[in-house]
Amino acid sequence: MNSKKGKGGGYFYNAAPDTISLATIMRLMEGPIALLPCVSLNFYQKCEDCIEQKCGLNKTLVQVRDQTLEILENKKITDLVIS
C-alpha cells in the first residue's frame, strides 16, 4: 500500500489486489496480529516476569496466532468482493 496527500489523495495499492494478503493489510493498518507481544512473529517483545516455556496462555495464543495467520495469509483482498 502507498498513500498520497492532498486533493485526490488517499491509500492505493502498489501491487495487484489478488496478490495482497489480508495479513499484510492488517499488519500495515493495525500492527501485530498476535494478541500478546510474546507470541508475535514480527513484533515480538518478551512479557515482564514471564517464563514463556511454562506459560499456558502463551502456548494457547501461539495456536490462536497460527490458525489466524493460516486464514489471513491465504485470503487476498479480492476475496472480500461481494458479487
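This is a predicted model: local features need pLDDT of at least 70, side-chain atom pairs count only at pLDDT 80 or more; totals for chains, interfaces and linings use all residues.
Directly after helix H1 comes Gly 31, a residue whose phi is positive, near 95°.

Within H1, the residues Leu 22, Ala 23 and Ile 25 are buried. Around the helix axis they cover an arc of only 160°, which means that they lie on the same side of H1. An α-helix has 3.6 residues a turn, so residues three or four places apart point the same way. What the buried residues of H1 pack against is helix H2, which runs over residues 56-74.

Ile 20 counts as buried because its relative accessibility is 8%, and buried here means under 20%. Residues up to four places away in sequence not being counted, Ile 20 touches Tyr 13, Ala 15, Ile 25, Lys 75, Lys 76 and Ile 77. Asn 42, by contrast, is 22 residues from Ile 20 in sequence and, from C-alpha to C-alpha, 17 Å from it in space.

These residues can now be drawn together. The largest nonpolar core consists of eight residues, namely Ile 20, Leu 22, Ala 23, Ile 25, Ile 33, Leu 69, Leu 72 and Ile 77. Both H1 and H2 supply at least two residues of this core, and the largest share, three residues, comes from H1.

Definitions and conventions. Residues are numbered from 1 along each chain as its sequence is written. Side-chain values use heavy atoms; hydrogens and water are left out. Buried means under 20% relative accessible area, exposed over 50%, partly exposed in between (1.4 Å probe, protein chains only). Contact means heavy atoms within 4.5 Å. Helices (H or I, at least four residues) and strands (E, at least two) are DSSP runs, numbered from the N terminus. The arc is that of the directions from the helix axis to the C-beta atoms. A nonpolar core is a set of buried Ala, Val, Leu, Ile, Met, Phe, Trp, Tyr and Cys residues joined through side-chain atoms within 4.5 Å.
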